[in-house]
Amino acid sequence: MAVTPSAFGPKPQFFLAPGVPASGYKLFSYVSPSVGTKQNTYTDYTGMTANPNPIVLDSNGYTPDGYFFTIGETYTVLFTIPTDTDPPTS
């Protein structure tokens with residue numbers, strides 16, 4: 001399977017405000033344009049290992065592993081608060 005770094009980069013970092021990392025926040029990935037069917041993202045360029053869905057950001061707001069999308073697939077990515085449920089409600 002061919003993968004490419006996400007639009008956010010291969011190992012993105014997320015912030016709540018300048019200098020405030022989004023520690024513990026979640027990234028959910030779905031088949032676009034819905035939020036009903038989850039879609040895998042991958043830890044590296046090989047596309048061999050799927051990330052958990054949702055991904056929980058580390059204490060510095062980074063994805064724990066890489067963040068790669070399948071080429072030719074479309075994604076809806078939801079960035080949610082740490083306490084959100086699956087599926088997200090906020």
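Contact here means heavy atoms within 4.5 Å. First, the ground rules. This is a predicted model, where local features need pLDDT of at least 70, side-chain atom pairs count only at pLDDT 80 or more, and totals for chains, interfaces and linings use all residues. Numbering runs from 1 along each chain as its sequence is written, and side-chain values use heavy atoms, with hydrogens and water left out.

Now Tyr-75. Leaving aside residues up to four places away in sequence, Tyr-75 touches Ser-29, Tyr-30, Ser-32, Gln-39, Asn-40, Thr-41, Phe-69 and Thr-70. Tyr-75 also belongs to the largest nonpolar core, which has 9 residues, among them Phe-14, Leu-27, Ile-55 and Phe-69. Such a core is a set of buried Ala, Val, Leu, Ile, Met, Phe, Trp, Tyr and Cys residues joined through side-chain atoms within 4.5 Å. Buried means under 20% relative accessible area, exposed over 50%, partly exposed in between (1.4 Å probe, protein chains only).

Next, Phe-79. Phe-79 sits in strand E7, residues 75–80; strands are DSSP runs of at least two residues, numbered from the N terminus. Phe-79 counts as partly exposed because its relative accessibility is 37%.

On to the sheet. Three strands form an open sheet, ordered E5-E4-E7, with antiparallel pairing. E5 and E7 are at the edges with a single partner strand each, so one side of each has no neighbour in the sheet. Pairing requires at least two DSSP bridges between two strands. E4 and E5 have 2 bridges. Lys-26 stands opposite Val-56 in E5.

Last, the prolines. Ser-32 and Pro-33 are joined by a cis peptide bond, omega about 10°. Asn-53 to Pro-54 is also cis, with omega near 20°. Pro-33 is in the loop between E4 (26–31) and E5 (55–56). Pro-54 lies in the loop between E4 and E5.

How values were computed
Helices (H or I, at least four residues) and strands (E, at least two) are DSSP runs, numbered from the N terminus.
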